[in-house]
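User: Hi! Could you walk me through this structure with a few questions and answers?

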Amino acid sequence: MLSPFERTCLWWVSRGRTLAEIALIEGKNIAEIELYLERAVVSLNAGSIEQALEKEKLRQSD
């Protein structure tokens with residue numbers, strides 16, 4: 001199960017935002033965003049962020 005912030009980070013990635021942009025928007029640093037995304041990938045048993053997006057049904061075209 002994803003934390004709310006892990007889900008938020010994936011959502012921003014699905015919208016084409018970079019790690020730096022997400023960090024700026026969310027008031028975090030890039031390393032924190034990377035950590036949340038890594039945790040999301042592990043939590044979803046995915047091999048990559050792209051796979052995590054697919055598992056969460058998040059795509060840029062949404």
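User: Happy to start with contacts: what share of the contacts with a separation of 6 or more comes from residues 24 or more positions apart?

Analyst: First, a word on the source: this is a predicted model, where local features need pLDDT of at least 70, side-chain atom pairs count only at pLDDT 80 or more, and totals for chains, interfaces and linings use all residues. Residues are numbered from 1 along each chain as its sequence is written, and side-chain values use heavy atoms, with hydrogens and water left out. A contact means heavy atoms within 4.5 Å. For the protein chain, counting contacts with a separation of 6 or more, the share from residues 24 or more positions apart is 55%.

User: Which pattern does the protein chain follow along the sequence?

Analyst: Helices (H or I, at least four residues) and strands (E, at least two) are DSSP runs, numbered from the N terminus. The protein chain has four helices and zero strands. Read in order, the pattern is α-α-α-α.

User: Is Ser14 buried or exposed?

Analyst: Ser14 sits in helix H1, which covers residues 4–14. Buried means under 20% relative accessible area, exposed over 50%, and partly exposed in between (1.4 Å probe, protein chains only). With a relative accessible area of 1%, Ser14 is buried.

User: Which residue's backbone oxygen does the side chain of Ser14 reach?

Analyst: The distance is 2.6 Å. The backbone oxygen belongs to Trp11.

User: And what percentage of the 62 residues is buried?

Analyst: The same cut-off of under 20% applies here. Across the protein chain, buried residues make up 31%.

Methods: Polar contact = N/O pair within 3.5 Å; in protein donor to acceptor, adjacent residues only side chain to side chain.
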